[in-house]
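Here is a short briefing to read alongside the sequence and the coordinates. Keep the viewer open and follow along.

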Amino acid sequence: MGLTSLNQQLLSKIATNDEHGENSPYFDGWKAYDNDPFHLTKNPNGVIQMGLAENQLCFDLIKEWIEKNPTASICTTEGSMAFKDIANFQDYHGLPEFRNAVAKFMGRVRGGRVKFDPNRIVMSGGATGANETIMFCLADPGDAFLVPSPYYPAFVRDLRWRTGVQIIPVTCESSNNFQITIEALEEAYNKAIEANIRVKGLIITNPSNPLGTILDKDTLKSLVNFINERNIHLVCDEIYAATIFRPPHFTSISEVIQDMDSNDDLIHIVYSLSKDMGFPGFRVGIVYSYNDEVVSCARKMSSFGLVSSQTQYLLAAMLSDDDFVGRFLDESSRRLECRHKIFTEGLKEMGIDCLNSNAGLFCWMDLRPLLKEPTIDAEMALWRVIINDVKLNVSPGSSFYCAEAGWFRVCFANMDDDTVEIALQRIRKFVTKKEGEVATVKKKRCPMNLRLSFSSRIYDDGLRSPHMSSPHSPHPHSPLVRARN
Ligand SMILES: Cc1ncc(COP(=O)(O)O)c(C=O)c1O
């Protein structure tokens, strides 16, 4: 008997099914990166990691705050007085000062136009845990959620894998800049109903990963009407809320429902500090529901993914420092804007367009003109050339379940200025196919002193590379989901 079928008898269905989503073709790209990671001085010809949606542009500000506030940590001489109490704390409601600080921060990130109730803040292990928790609260195995595509690839894991919930893609197209339309929603919804599938809700990511676009107030209102008419839920993953780097400002669903006659019991927000603060390693996820029963149930479930009290304690102090938060948010947007501009203008000079966007840690690059034919096979062929020859690990649109071939997500906030320049040079060389032109790429920098080596930063926000977690790990490299944050 083969090992797999033996395991299928010995282990659970979840343990032996394929639904985690890590069997993706990106294995090769990640292997290429793992085997040959770029380093400015130690490995200048290595693969540059542009598949990682991490916000590394403001660590100097965080470091400075930590140095100035040694009592915020329980592991410093100045802060160790609090060690015993905090290390003992285990209430799944969370430290009150943490919930207060997070609620205040969430309001501030949303322009102060809306207030969040600390009593509705439920903790989870990142937005990953928050998305799964909300699915466990709202749906049963076999039920479905509508998800506009292209969407965050790890939704297949977070929404589906352990919950048994189905994802029904709602196709968005480049012809209208991938905007969600009510017609597309209706079509997906009606098809599901015809197929006897119970649709429990719609989940949107606003700002969008991978598009970097935001939803305007009218669209959000129409989505609220759509779900109200059908009495289904609306889950809004707002993990990129503070990554807006130029107008228009971000409108949260919380702001929209304030002025609407909506059943708020159907509205739920997923949040995290992984992107806005750049803390994916802290695993701070939030479920914020307007439905009392969901708050209560999610809180009970949160026992499986609490944020450590040490992290809560530190963040309570940091996020309560209004001056710091204000400066951080302003500077983070400024640096993101600058980086986005350098990257997209660099591409533009080479004739490569990106979808117009004003948020996120990435751009949605249009390489349709470079495809041999408009197919996913051609997209994958081009992607392999980009990985193997150009030596950039970018993510093909098909990994985001994009219906149209030729789009690629390229992350730009997980590296230093020099690396961005080298990435642009490599793309130019590839596009022009003339080595001599490489030297003509002008040096452009944000006015900041950023020198980050990311040779050791090869994890995504959700999953560590198994082989990195343990040198003895029996698992193969996990391309997915390292590529797919
Ligand atoms: C849309 C979206 N939701 C959730 C997550 C998971 O975030 P976290 O690191 O907080 O688990 C990500 C990470 O990339 C994401 O892009």
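In this predicted model, helix H13 has buried residues at Gln312, Tyr313, Leu314, Leu315, Met318 and Leu319.

**Helix H13**
- H13 runs over residues 309-320, and its 12 residues reach 16 Å from first C-alpha to last, close to the 16 Å expected at 1.5 Å a residue.

**Strand E8**
- E8 is largely enclosed by the rest of the structure, because 6 of its 6 residues are buried.
- Val284, Ile286 and Tyr288 point one way, while Gly285, Val287 and Ser289 point the other way.
- In general, side chains in a regular strand alternate between the two faces of the sheet.
- E2 (residues 121-125) pairs with E8 in the antiparallel sense over 5 bridges, with isoleucine 121 opposite tyrosine 288.
- E7 (residues 267-272) also pairs with E8 in the antiparallel sense over 5 bridges, and here valine 270 stands opposite valine 287.

**The whole chain**
- The protein chain has 18 helices and 13 strands, and buried residues make up 45% of its 485 residues.
- Of the contacts between residues at least 6 apart in sequence, 71% join residues at least 24 apart.

**Confidence**
- The average pLDDT is 88, and 87% of the residues score at least 70.
- Residues 449-484 have a pLDDT below 50, though the stretch has 86 contacts in the model beyond near neighbours in sequence.

How values were computed. Residues numbered from 1 in each chain as written. Predicted model: local features only at pLDDT ≥ 70, side-chain atom pairs only at ≥ 80, totals over all residues. Helix = DSSP H or I, 4+ residues; strand = E, 2+ residues; numbered from the N terminus. Buried ≥ 20, exposed ≤ 12 C-beta atoms within 10 Å, placed from the backbone. Contact = placed C-beta atoms within 7 Å. pLDDT = per-residue confidence, 0-100. Expected span 1.5 Å × (residues − 1). Pairing = 2+ DSSP bridges.
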